[in-house]
Amino acid sequence: MFLEQGIKPENKFWKYLIGSVFIIAASFVGQIPITAAVFYKTFVEKKAFPTTDKAIMKMFEPNVTLFLVMISFVFAFAGIYFVVKYIHHQTLLSVTTSRPKVDWKRISFSFFIWTFFSLASFLFVYLRSPEQFVFNFKVVPFLILVLLGSILIPIQTSTEEYVFRGYLMQGFANLARNRWFPLLMTSVIFGSMHWANPEVAKMGNVIMIYYIGTGLFLGIITLMDEGMELALGFHAANNLIGALLVTSDWSVFQTNSLFKDLSEPSAGIDVILPVVVIYPILLFIFSKKYGWTNWKERLTGNINNTEVIN
């Protein structure tokens, strides 16, 4: 069982606090290159010193920004590996899945099904209001984006999944010895981590329904499937297809995507629709394909001592 793989007598919750601090510190080390680049632009090239994250994002060519931002996730992922192996004495596989090895077919299925949903939803919005978009394709920058994005964005999304659906979910299970508390806590923390995104400033706090709802969805498929594979595939598709397909002046990433959205953002049905309609449809598809049963116990049940794998 996935959660039980991290529940051991020696895995005290304070170890997860120390491990989390170490992972955050590793991420900060990974931010040294972009910090150095900002100081170079400011003091050597005599550019104005940026005072906001948005200003930092606009200091460099989009592909350069993408590369500099994503480096921190490479360091954070290395931090996760170190913490899992040397503080908790577990394998990376044990915080990935309960299966004997990672099921790449599950990752691929989740990736492609969410790619389909993403493309279909964009096509619907584009055909409804084509005047809100401009074709932004530039062959060389886009090909560089494809190369960088295909390597670095899955590292970014996987790092987030290993932190929230793997490491912290097992950590909260150690603390509470049940399934509902890890599910709830990781969903709320995951959503809250997006509070600084420019989308929140533009659309208001209502968009947190989408972020927390997405965290809840990813947590549910992890617990129901006894592993992170589906969450890994979904998250990679969500960020990669988004980066390649459309950008805007108010989004967290400005990329050399195919299209640019010129519309003014507003929190409408498009914020609520994925959480209340599309995610339930995906849950139904996954449940039928993988034969999920006993939903209440898997999502809210207690973890008995007899279930713990030592």
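View 1. In the unreviewed UniProt entry, the annotation "transmembrane region" covers residues 16–43, 64–87, 107–127, 139–159, 179–196, 208–224 and 267–286. UniProt positions are given in the numbering used here, feature names are shortened, and such annotations may be inferred rather than shown by experiment. This is a predicted model, in which local features need pLDDT of at least 70 and side-chain atom pairs count only at pLDDT 80 or more, while totals for chains, interfaces and linings use all residues. Residues are numbered from 1 along each chain as its sequence is written, and side-chain values use heavy atoms, with hydrogens and water left out. Over residues 16–43 the chain is 96% helix and 0% strand, with 40 Å between the end C-alpha atoms. For residues 64–87 the figures are 100% helix and 0% strand, and there the end C-alpha atoms lie 35 Å apart. Helices (H or I, at least four residues) and strands (E, at least two) are DSSP runs, numbered from the N terminus.

**View 2. Helix H2 against helix H4.** Two packed helices are described by the angle between their axes and the distance between the axes. Here H2 (residues 32–44) and H4 (residues 62–87) pack at an angle of about 145 degrees, and their axes are 7 Å apart. The axes are lines fitted to C-alpha atoms, for helices over the stretch in contact, and angles run from 0 to 180 degrees between N-to-C directions. Look for Pro33, Ile34 and Ala37 in H2, which meet Leu68, Val69 and Ile71 in H4 (contact means heavy atoms within 4.5 Å). By class, this contact has six nonpolar, no polar and no charged residues. In this classification Ala, Val, Leu, Ile, Met, Phe, Trp, Tyr, Cys and Pro count as nonpolar, Asp, Glu, Lys and Arg as charged, and the others, Gly among them, as polar.

View 3. Tyrosine 40 sits in helix H2 and is partly exposed, with a relative accessible area of 45%. Buried means under 20% relative accessible area, exposed over 50%, and partly exposed in between (1.4 Å probe, protein chains only). Isoleucine 269 belongs to helix H11 (residues 269–290) and is exposed, at a relative accessible area of 62%. From tyrosine 40 to glycine 6 the C-alpha distance is 44 Å, for a sequence separation of 34 residues.

**View 4. Asparagine 11 and its contacts.** Asparagine 11 is placed in the segment before helix H1 (13–30). With a relative accessible area of 2%, asparagine 11 is buried. Leaving aside residues up to four places away in sequence, asparagine 11 touches Gly6, Tyr16, His88, Gln90 and Asn174. Asparagine 11 and histidine 88 are 77 residues apart in sequence, yet 6.3 Å apart in space, C-alpha to C-alpha.

**View 5. Threonine 115 in helix H5.** Threonine 115 lies in H5 (residues 104–128) and is buried, with a relative accessible area of 11%. Its contacts, not counting residues up to four places away in sequence, are Ala237 and Ile241.

View 6. A search of the whole structure finds one cavity of 30 Å³ or more, and about 40 Å³ of space lies in the largest cavity. On a 1 Å grid over the protein atoms alone, a cavity is a set of points where a 1.4 Å probe fits but cannot get out, and lining residues have an atom within 4 Å of a point. Grid points are joined across faces, edges and corners, and a volume is the space filled by probe spheres set on the points. The lining consists of Met1, Phe2, Leu3, Glu4, Arg179, Leu223, Glu226 and Arg298, which by class gives four nonpolar, no polar and four charged residues. Glutamate 226 is in the loop between helix H9 (208–225) and helix H10 (229–245), and counts as buried at 11% relative accessibility. Its phi is near 55 degrees, a positive value in a residue other than glycine.

Notes
1 Å grid on protein atoms, 1.4 Å probe; cavity = no way out; pocket = protein on both sides within 12 Å on 5 of 7 lines; lining within 4 Å.
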